[in-house]
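Here is a short report for a reader new to this structure. Start with a look at the sequence and the fold, then read on.

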Amino acid sequence: MQTSEGPVLWEQTQGCPQGSCSGPAFWNIVADEILLVQWPQGVHLQAFADDFAFIVTDNTREGLRKLSKLALDKFKDRADKNKLHVSMEKSSYVLFSKLVREPTIKWGNQSNSRKNHLKYLGFRIDHKLSWLPHVIEQGRRDMDQYQHLCRIAGKT
C-alpha cells in the first residue's frame, strides 16, 4: 500500500482482510470445495455466505450419531485443510424428533451443544418447528426500538 511516507507492506498470514475485494472470491473457492463433497444419503449441507447448516435425517439415535459424525468429520477435514476455524461457541444443533434420548454430536473430540432453539440467518427455529421463539424475539426487538424512538422524540 502506498502512503505519504512511502510503501507499506503487510504480510497476510491468515484469512482475508475484512472488506477486501478478493475476500468473497477466496471464500467462494473454499466454500465450493466443501459444498461439492459427496455427502451420504440422509445428509444435506446448506450454506449462505459463511453460515453452514447440516440437515441430518435417520430413524434412530445411533443412525443420527453416525451420520452426523461422518458429515462433521468430512467438514472438519476440509476446514482444517483450508486452515478455517470453526467457532464451537456459535455451533449447536436442534433435534427435530420424538427420540427419548438425543445422539451425542461431536466436532472432533469436542461435544456439540444441543439447544431447544437456534438462530440461523436471522430466524429463530425451535425443536417443535414453531414460529413462537422468532415472533417473541422480533416483538422484543420492535418494542425496544419503539421505546428508543419515544425517548428520542420526547413527550411531544
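## A histidine in helix α3

This is a predicted model. H134 sits in helix α3, which covers residues 132-153. Its relative accessibility is 12%, so H134 counts as buried. Beyond its neighbours within four places in sequence, H134 is in contact with G122, F123 and R124.

E137 is buried, because its relative accessibility is 18%. R140 is partly exposed at 43%.

R140 forms a salt bridge with D144 too, where the closest N and O atoms are 2.8 Å apart. D144 and R140 are four residues apart in helix α3, so about one helical turn separates them. D144 counts as partly exposed, with 37% relative accessibility. A network of salt bridges links R124, E137, R140 and D144.

The rule counts nine salt bridges. One of them pairs E33 with R78, with the closest N and O atoms 3.8 Å apart. E33 lies in helix α1 (residues 23-35) and R78 in helix α2, so this pair ties together parts that are 45 residues apart in sequence. E33 is partly exposed at 24% relative accessibility. R78 is partly exposed as well, with a relative accessible area of 28%.

## A leucine in helix α2

Helix α2 spans residues 61-81 and includes L72. L72 has 13% relative accessibility, so it counts as buried. Which residues does L72 contact, leaving aside its neighbours within four places in sequence? They are F54, I105, K106 and W107. L72 and Y93 are 21 residues apart in sequence, and their C-alpha atoms are 12 Å apart in space.

The protein chain is divided into domain 1 (22-115) and domain 2 (117-155). Their C-alpha centres lie 28 Å apart. Contact involves 12 residues of domain 1 and eight residues of domain 2.

How many salt bridges does the rule find across the interface of domain 1 and domain 2? The count is zero. One residue pair is in polar contact there, both at pLDDT 80 or more. On the side of domain 1 that touches domain 2, β3 (43-48), β4 (51-56) and β5 (92-93) each supply at least two residues. By class, that side has eight nonpolar, two polar and two charged residues. The two domains bury about 720 Å² between them, 71% of it on carbon and sulfur atoms.

Definitions and conventions
Residues are numbered from 1 along each chain as its sequence is written. This is a predicted model: local features need pLDDT of at least 70, side-chain atom pairs count only at pLDDT 80 or more; totals for chains, interfaces and linings use all residues. Side-chain values use heavy atoms; hydrogens and water are left out. Buried means under 20% relative accessible area, exposed over 50%, partly exposed in between (1.4 Å probe, protein chains only). Contact means heavy atoms within 4.5 Å. Domain bounds come from an automatic or database domain assignment. Buried area is the accessible area (1.4 Å probe) that two parts lose on being put together, summed over both. A salt bridge is a side-chain nitrogen of Lys or Arg within 4 Å of a carboxyl oxygen of Asp or Glu. A polar contact is a pair of N or O atoms within 3.5 Å; within protein, one must be able to donate a hydrogen and the other to accept it, and residues adjacent in sequence count only if both atoms are side-chain atoms. Ala, Val, Leu, Ile, Met, Phe, Trp, Tyr, Cys and Pro count as nonpolar, Asp, Glu, Lys and Arg as charged, and the others, Gly among them, as polar.
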